[in-house]
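This briefing goes through a single protein model, topic by topic, for a reader who has the sequence and the coordinates at hand. Please keep the structure open while reading.

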Amino acid sequence: MEVILTVVFALFGSAIGSFLNVCIDRLPLGKSLLYPPSHCDACQHPLSPKDLIPVFSYLWLRCRCRYCQAPIPRRPFWVEVGSGLLFAFIYWHYGLSVEFAVTAFYGSLFIVLGVIDLEHKLILNKIVYPAAVVALIIDVFLPQPGSVDVYLPWPWLGIVNGVIGGAIGFVFLALTYRVSLRIYKQEGMGWGDVKMAALIGLVTGPLLVLFTLAMGAILGALVGVILLLLKIKKRKEAIPFGPFLSLATMATLLWGSDILNWYLGLL
Ligand SMILES: [Zn+2]
């Protein structure tokens, strides 16, 4: 039964992934999510349901459009695979629970934010602002994944918890941004990252926000060094911070309470 449900959530996740791809493709261009229906970017031919089965259509068609044989971009495939694996993993980790739903929602949100930043070096206000409102609502009514809520005796404290986390994230990254502008005289990061840090604070709360930002920075630095060594990127080329912040936030949502116990244990 467990195995069947895990597979079901993997398929469900990859179907969500195919919607996330629509968001990633269209939101930065200011296009509607609903219209026009999915079509091949090369020949504009509308895609039929059998072309739109997540993950499998891509493999079946051997990465080419059925109608014009143009190669299909690879990212949608990886987003579908990634969301499928993520959903299956969250189910395996949290079981069928409120934490599962909340983590799956945030996972989807941060996939969209991270991939758009990777492709366009943009963190969109039209995603961050509504997401902040939803995060506040979740703070009040639902348990936080990576449950910091065990430390909160009253539910309304959830909103205080979230807002303080958001403020810490905002101030910390705004200061980092200012200092890095002084030192490097170029924009390594931007206000988009600062707003994203505030959103992460709303999601994780004050006890985990700095840890999450630090984890994102370390991941980013590691990947940056590797890309430099492999000569994939040049020294002056900035790599976007958003994807690493997204990964770090996911890790916190999954293992936040373990992380917290670990560093409270150190005190
Ligand atoms: Zn085509």
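Leaving aside its neighbours within four places in sequence, with which residues is Y106 in contact? Once the neighbours within four places in sequence are set aside, Y106 is in contact with A135, I138, V203, M250 and L253. The model is a predicted one, and the points below begin with the nonpolar core in which Y106 is among the residues with the most contacts.

**The nonpolar core**

- The largest nonpolar core has 47 residues, and the residues with the most contacts inside it are Y106, L109, F110, L113, I127 and L199.
- At least two residues of this core are supplied by each of the helices α1 (2-26), α3 (75-94), α4 (98-120), α5 (125-141), α6 (157-184), α7 (191-204), α8 and α9.
- Helix α4 provides the largest share of this core, namely eleven residues.
- As a general background, nonpolar side chains tend to be buried together in soluble globular proteins.

- T103 is found in helix α4, and it counts as buried because its relative accessibility is 0%, where buried means under 20%.
- When residues up to four places away in sequence are not counted, A135 touches Y106, L199, L202 and V203.
- A135 and W255 are separated by 120 residues in sequence, and their C-alpha atoms are 19 Å apart in space.

**Packing of α3 against α4**

- Helices α3 and α4 pack at an angle of about 155 degrees, with their axes 10 Å apart, and since angles over 145 degrees count as roughly antiparallel, that is how these two helices are described.
- The crossing in which α3 passes α4 is right-handed.
- On the α3 side the contact is made by R75, V79, S83, L86, F87, I90, Y91 and Y94, which meet E99, F100, T103, A104, G107, S108, I111, V115 and E119 in α4.
- Sorted by class, this contact of α3 with α4 holds ten nonpolar, four polar and three charged residues.

**Packing of α5 against α7**

- The axes of α5 and α7 come within 9 Å and cross at roughly 15 degrees, and the two helices are therefore roughly parallel to each other.
- The crossing of α5 and α7 is left-handed.
- In α5, the residues N125, V128, Y129, A131, A132, A135, L136 and D139 meet K195, L199, L202 and V203 in α7.
- The contact of α5 with α7 divides by class into nine nonpolar, one polar and two charged residues.

**Packing of α8 against α9**

- Helix α8 (residues 206-229) and helix α9 (residues 242-265) pack at an angle of about 130 degrees, and their axes are 8 Å apart, which makes α8 oblique to α9.
- The crossing of α8 and α9 is right-handed.
- From α8, the residues L207, L208, F211, T212, L213, M215, G216, L219, G220 and V223 meet F244, L245, L247, A248, T249, A251, T252, G256, I259, L260, W262 and Y263 in α9.
- The residues of this contact of α8 with α9 comprise 16 nonpolar, six polar and no charged ones.

**Backbone features in the loops**

- Most residues other than glycine have a negative phi, and most peptide bonds are trans.
- The peptide bond from Y35 to P36 is cis, with omega near -5 degrees, and P36 has its place in the loop between α1 and α2 (56-60).
- V55, although not a glycine, has a positive phi of about 65 degrees; V55 also belongs to the loop between α1 and α2, and at 15% relative accessibility it counts as buried.
- K231, another residue other than glycine, has a positive phi near 60 degrees.
- K231 is found in the loop between α8 and α9, and because its relative accessibility is 73%, K231 counts as exposed.

Note on methods:
Residues numbered from 1 in each chain as written. Predicted model: local features only at pLDDT ≥ 70, side-chain atom pairs only at ≥ 80, totals over all residues. Heavy atoms only, no water. Axes fitted to C-alpha atoms, helices over the stretch in contact; angles between N-to-C directions. Helix = DSSP H or I, 4+ residues; strand = E, 2+ residues; numbered from the N terminus. Parallel < 35°, antiparallel > 145°, perpendicular 65-115°, else oblique. Left-handed = near helix turned anticlockwise from the far one by under 90°. Contact = heavy atoms within 4.5 Å. Nonpolar A, V, L, I, M, F, W, Y, C, P; charged D, E, K, R; others polar. Core = buried A, V, L, I, M, F, W, Y, C linked by side-chain atoms within 4.5 Å. Buried < 20%, exposed > 50% of the residue type's maximum accessible area, 1.4 Å probe, protein only.
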